Amino acid sequence: MPDSKNIPNPIDIYVGSRMKVRRQMLKMNQDHLANLVGVTFQQIQKYEAGLNRISASKLFMVANALEVPVNFFFDGFKSDDTNINTHQQTDNSYQVAENKDPLLDTQTIKLINAYWKLDDDARQKIFDFIVVMGKK
């Protein structure tokens, strides 16, 4: 049986993945984020992989650096309310919402970056088109 102390907590993995996605959306490298929050880029790598837990104060600093509210890092995460104790969690204690978070998809990041490269008029037309198509 593997040592549970070496298994990253699913919450830490999820928070780290959200951190990575937001950083990539801003086209910010790990070194720049590390400088903004006062850690090494290796520490950012560990946070993003869920290998190291991020303290509340660092998460707050990361949220400010990435221009999102702290709850951004938890959006879409569901917990089994009957077993919230992370020290004795079962394999099914925590799970990402049933549908994969679209913000974690590489294609979404590319789409958002391309969208913001457009001029205001083109962006509005594409936005209107997507809203209309989404209603069908």
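Guide: The largest cavity has a volume of about 40 Å³. Here a cavity is a set of points, on a 1 Å grid over the protein atoms alone, where a 1.4 Å probe fits but cannot get out; the volume is the space filled by probe spheres set on the points, which are joined across faces, edges and corners. The model is predicted, so local features need pLDDT of at least 70 and side-chain atom pairs count only at pLDDT 80 or more, while totals for chains, interfaces and linings use all residues. Residues are numbered from 1 along each chain as its sequence is written, and side-chain values use heavy atoms, with hydrogens and water left out.

A search of the whole structure finds one cavity of 30 Å³ or more. Its lining, meaning residues with an atom within 4 Å of a point, consists of Asp12, Val15, Gly16, Tyr47, Asn52, Arg53 and Ile54. Helix H1 (residues 10-25) gives the most to this lining, with three residues; helices are DSSP runs of H or I with at least four residues, numbered from the N terminus.

Two of the lining residues, Asp12 and Arg53, form a salt bridge, with the closest N and O atoms 2.8 Å apart. The term denotes a side-chain nitrogen of Lys or Arg within 4 Å of a carboxyl oxygen of Asp or Glu. This pair links distant parts of the chain, 41 residues apart: Asp12 lies in helix H1, and Arg53 in the loop between helix H3 (41-49) and helix H4 (56-65). Asp12 is buried at 15% relative accessible area, whereas Arg53 is exposed at 51%; buried means under 20%, exposed over 50%, and partly exposed in between, with a 1.4 Å probe and protein chains only.

Definitions and conventions
On a 1 Å grid over the protein atoms alone, a cavity is a set of points where a 1.4 Å probe fits but cannot get out, and a pocket is an open set with protein on both sides within 12 Å along at least five of seven lines; lining residues have an atom within 4 Å of a point. Helices (H or I, at least four residues) and strands (E, at least two) are DSSP runs, numbered from the N terminus.
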